[in-house]
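Here's a quick walk through a few spots in this model. Have the viewer open as you read.

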Amino acid sequence: MHLNKNIYSYFLILFSLIPVTIIVGSAVSVVNILLIDLSFIILIIYNKNFNFLKNKTIIYFFILYIYLIFNSLISIDYTEGVLRNLGFLRIIILFAAFNYFFQDEKFFKKVFKFWSIVIFIVLIDVFIESFTGKNILGFGELYGKRIVSFFKDEPIVGGFLNGFYLIIIGFLLNEFKNDKNYLTILLSIIFIISILLTGERSNTIRAALGISIFFMFYKNLDIKKKIIIYLSTIVLILILVFNLSYLNNRYFVQTDNLKNTLYFSLYESGYEVFKNNKLFGVGNKNYRVETCQEINKKDKYVCTTHPHQIYFEFLSEHGLIGTLIILSIFYKLIFSKILSTFREKNYIKIGSLTYLILVFLPIIPSGAFFTDHVLILFAINLAIFYASDKQLNIFKKIE
């Protein structure tokens, strides 16, 4: 990869700003990604470098894209999901762009260093808001004691941190090797505590499982040290939860009777939609259309945007056939690489894979998969999973 200085700097800025644009808002994030995509397309056309389109990984992506277009055509109301489905193309191009630019080790190290600074600032801001009630910009009143940080009117900072902290930890472990691994482990615990403090229960579970899986395969610590770290973290979490009334309420009182919570009603609703549309579902983003229109109202339907769990979302909006197509493609892209990845010492790759696996946790509530916020975090981790490995990188592989 040979670029002149100005083009190199241009793309470096765009990639570095990805987490900042996510914080600013979905529209800004989409604009930034579109700039990366369009600029990358121009660069590829100029260099006449189209061989990557023959790569099996890209072919799997395009199969998924063709399916999503088909899904729009058979939706209850195609106008609801057509833009979301057609817009999936930007994710494919972003994936290719990550692979192209992350061939350059200096490039991705500069990006990760900037990302680390941004994530650390958010991390500190979460602690400030948890103790003062407001973040450094004065946000934090709309959701009571729920932490919003820089997201102002959305309690999604825990999900945001989840999307980046494992790859940041992986980068630091790769970068510093054995010299500062204990500092990195301490930072990992701080990440877990910060996500715990947000009050986002699902993301706290994912974060705790994520760091446990990650360090299970960290080869520079023996089993005894790992057990000590795990137990110390658990004790610290329990101390905080039992001593902070807000956390005690969020993690114990409000989850004491799960069968009566809204989530189980949503799951039941999602399953009911699936039963009434078994083969191809109601269509991407059409769950709301099916459950909220009076003409479609059924006893177990709950009127909301999505069933808040990835498998019920897939089944209700894509049916059995669509869900099998989606999960089969993600199996080839992600789950088929698990054993080989955990044998390695590429901790960026292990971090991104761990995040990707946890996206598909059963039962645990989740955001709608194909929304901008969730899909972009997923796409970033999937792209880095491939781009950080010389064998998987779609450009390295064909050279």
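## Ground rules

Buried means under 20% relative accessible area, exposed over 50%, and partly exposed in between, with a 1.4 Å probe and protein chains only. This is a predicted model, where local features need pLDDT of at least 70, side-chain atom pairs count only at pLDDT 80 or more, and totals for chains, interfaces and linings use all residues. Residues are numbered from 1 along each chain as its sequence is written, and side-chain values use heavy atoms, leaving out hydrogens and water.

## Ser-149

Ser-149 counts as buried because its relative accessibility is 0%. You'll find Ser-149 in the loop between helix 7 (105–132) and helix 8 (157–176); helices here are DSSP runs (H or I, at least four residues), numbered from the N terminus.

Setting aside neighbours within four places in sequence, Ser-149 has contacts (heavy atoms within 4.5 Å) with Val-122, Asp-125, Val-126, Glu-129, Asn-135, Phe-139 and Val-157. Gly-133 is 16 residues away along the chain, and its C-alpha atom lies 10.0 Å from that of Ser-149.

## Helix 3

Buried residues in helix 3 include Val-30, Ile-33, Ile-36, Phe-40 and Leu-43. The buried residues of this helix pack against helix 1 (5–16), helix 2 (18–24), helix 6 (89–101) and helix 18 (372–387). Just past the end of helix 3, Lys-48 has a positive phi of about 55 degrees.

## Helix 6 meets helix 18

Residues of helix 6 such as Arg-90, Phe-95 and Phe-98 are among those that meet a set in helix 18 including Asp-372, Leu-375 and Tyr-386.

Conventions: Helices (H or I, at least four residues) and strands (E, at least two) are DSSP runs, numbered from the N terminus.
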